[in-house]
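Good morning, and thank you for coming.

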Amino acid sequence: MLRVFDIALKDLHQLMRDRTTFLFLLIMPILFTLLFGYANGAFRGSLNDPRLPVGFLDQDSTWLSRSLHDQLAASEVLRLQSRLWISENDLENQVAKDKLAAAIIIPAGYSHALLRGEAARLVLIGDTGTTVGRSIESEALTAIIHVENAARTALILEQVAGERTAFDFIFSKALTAWKNPPIRVVETTSAAIPEQNGGINALTHTSPGMMLQFAIASLLTSAQVIVHERKSGSLRRLLTTSTNRWQILFGHFTAILVLNFVQFLTLILFAQIFLNVNYLRAPGATLLVAFSAALCVAALGLLIGILAKNEEQAILFSLVLMFALSGIGGAWMPLEVTGRAFQAFGHLSPIAWAMDGFKNVTLRGMGIESAWLPSLALLCYAILFFTLAAFRFSKAEERL
Amino acid sequence: MKTIEVQGLHKSFAEIQAVRGVSFSVEQGEIFSLLGPNGAGKTTTISMLCCLLRPDGGDALIMGHSICNDPMGVKSVLGVVPQDIALYEDLTARENLTFWGKMYGLRGSALTSRVNEVLEVIGLADRAKDRVAKFPGGMKRRVNIAVALIHKPKVIYMDEPTVGIDPQSRRNILDNVVELKNQGMTVLYTTHYMEEAQELSDHIGIMDHGEMIACGTHAELVRIVGELDRISLSVSKLTTHTGSETMLQDLRGLPGVHQVDLEDETITLLVADGHQLLPAIFEVAAVQRIKITRADVLEPNLEAVFLQLTGRALRD
């Protein structure tokens, strides 16, 4: 067992001294994630603010309307955009052109009507027939309910207390109490909600896509270590020691596994911190998928290293597989936008399963239960690739 | 107990019989050379003795361990110096020795001290932290040999370790081989250089076309050709000369000539008294108008033995 780690450590030493390793493992996936994310609409507005952009026009201009503005501004779902000298027509145009997801207008007299106990209505410009529209409507209603109920509570108690200053205090207290409701929804999405297009979700796709694509591309360095060991005669020499073939196979496999798993963890943390891709919404699920994907990629790297007759073939095999598996598997474009037939075909690629696993967490908000099937599929691919590699290795031994 | 005992090894690759019934034995502390031209089966024999190839027939015992039934036992007592530099060139000399030491089962402080010791022995202690890729060929060879010695094996195989290196490095390697013997190691050495076999070996096995055609000490082998001298004649344009075949016949007809062999532009004769026959040989060449550019008279050696046994020169 120790020899497995010795061989793995030796491989890692060699790989760490090759600058190409870092290029393919870290630099390229980060660059391509940002590039493809930008191309697919990420970074519109604030890089760190993925909320739905909603226009806001306060025609009432009272402390109550400002309270409502503050409630809406604190929302985790929508991001208010209010500008001076913008009109109702301007907001309608922007919503129609999809520059805003919706717009909320507080008409003049809203607060007055509310405080008099009369019906007070806001104007919501948007398509409440869509998921986005319904989300915004729901969020707006929630804010309105909080403010209206706080106002009504304060009114009632003011009448009881009979002093003006109590209204402000009670209103403020009532509004604050809504921050700790008796029931709090933790998960707000489900697999039943279709994936939303738009810049907000671009990075949740490109981040795992590029991470997986360049994990395969990085195999060109790992595979070259194996090829060079065979060509230099070091493998033959290794077989004259007490080291057996399984130790050699597992040693190389372990090195690639460690390298790729560390790559995944690094890129996941990068995306979590800097790109707001919420991998750690369900850390167990993310880790399980990442580890399974690393097993699969490591086995593939071992197979490439054993099949390739020289360094050039190792590079060729790695790059061809990178393009083929990434393209088919949905690393570039979501398989969800393709037809059913292509989605089924795409799942011949292990990339598709890994994408499913990651996006179940980041996009669909699912938990550990959503990671089992993709991880099992990736594990099956790992076993297949490793078995082929072991078989080919035993055949190659005679030719050493 | 003999350190190495080889009994009737056979190995074929498809239709080609690479090794045909090779048998020999090596005593402890001895240097045994396997001598033969390229393609004679030396490397295939060594590969079987390293347990890299499974014999089709026969067996060998290395310090009592069978290559067929106990390959791990064989590998535990063995050090192998391959013909090519088999090192990880992007690792340093120290890292290479440490890694290979681990593969041979050394650990911890024992490994560290042994690596330091070996680096001193091969004179690379001050280059221990340099990558092997930066070393000149001679230094790489030294590290290549050092790897095989890291675990103090009882038996060491050296597969043509001096091929393609400069004379000074070759001299160093040959001196190292003798030193290994002085330290009590048993050395199995393959080469196609007759001079190396003559200089180093206690016993020599001559292989050709997969067979062991002769085996013994240098003196015993040379006695095969008796007291015959070898005359080597370099001639120009012999193969295109119309009188070449007549000349060879005339040479064979000279008294005292036992064998005549033509290879490229060199005629090799085995004769009773080389110096006495030279004038007659030159006369034959003059009659046929063939120009002799060089003539060497050589005392009996392994080259002559090989020529006698196979009808061909040892060198390709």
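This is a predicted model: local features need pLDDT of at least 70, side-chain atom pairs count only at pLDDT 80 or more; totals for chains, interfaces and linings use all residues.

In chain B, four strands make an open sheet in the order S2-S1-S4-S5, and their pairing is antiparallel; strands here are DSSP runs of E with at least two residues, helices are runs of H or I with at least four, both numbered from the N terminus, and two strands pair if DSSP finds at least two bridges between them. S2 and S5 (65-66) of chain B are at the edges with a single partner strand each, so each has one side without a neighbour in the sheet.

Helix H1 (residues 42-49) of chain B packs on this sheet and touches S1, S2 and S4 of chain B, where touching, or contact, means heavy atoms within 4.5 Å. The direction of H1 makes about 115° with that of S1(B), taking axes as lines fitted to C-alpha atoms, for helices over the stretch in contact, with angles from 0 to 180 degrees between N-to-C directions.

Residues are numbered from 1 along each chain as its sequence is written, chains are lettered from A and ligands numbered from 1 in the order in which they are written, and side-chain values use heavy atoms, leaving out hydrogens and water.

Now, how do S1 and S2 of chain B pair? Strand S1 (residues 4-13) and strand S2 (residues 16-26) of chain B run antiparallel over eight bridges, with B:Phe13 opposite B:Ile16. They form a hairpin with two residues between them, and B:Ala14 in the turn has a positive phi of about 55°.

Strand S4 (residues 57-62) of chain B pairs with S5(B) over two bridges, and B:Ile62 has B:His65 as its bridge partner.
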